[in-house]
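Dear colleague,

Please find below the structure that I would like to hand over to you. My notes on its charged side chains follow, and I would be grateful if you read them beside the model.

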Amino acid sequence: MEATLFTFPSSKPPLSSSSQTLSLESHVRNPPSLPYSHYPSALRRRRTTIRSAISRTKKEETVETVKHHLQDCHLLAGIKYKGLTVKQLQDLRKSLPESTNLLVAKNSLVYKAIEGTQWEVLKPCMKGMNAWLFVHTEEIPAALKPYRDFQKESKLEDNDFTGAVFEGKFFAPEEFKALETLPTRVEIYSKLLGSLKGPASAVVSTVQAPARNLVMVLKAYVQKLEEESGGQ
């Protein structure tokens, strides 16, 4: 008995040669995306190397940025910024005086920049998420006040200072009052003039003041003498 082969016509019309050509061109121009694991191992290693190089370059740039901000820096403070929005950080930057800079950077990169310097005592701050405040003025209270005001207005009690370094000394969060109440240059100048014009007991009282205040008084007085001698 002979077997009979039945063929049924397709419900789809056959593709024309032009359609086949177009499909091939589209496939070449827009090849299907493959999972990363499907790429050859050599290509995967190359892409990983490129990403690592970019990441390393960004880290090096951050370290150099921190070192740059440390030049002529009088105070470096950490601020807990976890939970702050991008807009809040932008508003905070706008509220800061020109003498201060705010930088968001990883603790490890900041520590790499300050390691082996007087700022290394900031190590206790190297935990959690920090924004870093670089103060380039001797008027410390005026530099810290904008953040205090911003913190109060935005009700960010939990986003407090995590610590600071001033004149080589580390200040914990509970010690910030000492920094925020430092005398201004005008106050130091007035106190010095009052001591010089007053009785000897007033001069002795000034000399017996805490060493930090005395140093600031002497610095202001020396600067005054330099300005006077330069103007002659």
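**Salt bridges in the predicted model**

The structure, which is a predicted model, holds four salt bridges.

Within helix H5, which covers residues 140-153, Asp-149 forms a salt bridge with Lys-145. The closest N and O atoms of Asp-149 and Lys-145 are 2.8 Å apart. These two residues are four residues apart in the helix, so about one helical turn separates them. Asp-149 is partly exposed, with a relative accessible area of 32%, and Lys-145 is likewise partly exposed, at 49%.

Arg-148 takes part in a salt bridge with Asp-160, with 2.7 Å from N to O. This pair links distant parts of the chain, twelve residues apart: Arg-148 belongs to helix H5, while Asp-160 sits in the loop between H5 and strand S4 (161-166). Arg-148 counts as partly exposed at 22% relative accessibility, as does Asp-160 at 25%.

Arg-148 also forms a salt bridge with Glu-180, whose closest N and O atoms are 2.7 Å apart. Because Arg-148 lies in helix H5 and Glu-180 in helix H6 (residues 176-180), the pair ties together parts that are 32 residues apart in sequence. Through shared partners, salt bridges join Arg-148, Asp-160 and Glu-180 into one network. Glu-180, at 26% relative accessibility, counts as partly exposed.

Yours sincerely

Notes: Residues numbered from 1 in each chain as written. Predicted model: local features only at pLDDT ≥ 70, side-chain atom pairs only at ≥ 80, totals over all residues. Heavy atoms only, no water. Salt bridge = Lys/Arg side-chain N within 4 Å of Asp/Glu carboxyl O. Buried < 20%, exposed > 50% of the residue type's maximum accessible area, 1.4 Å probe, protein only.
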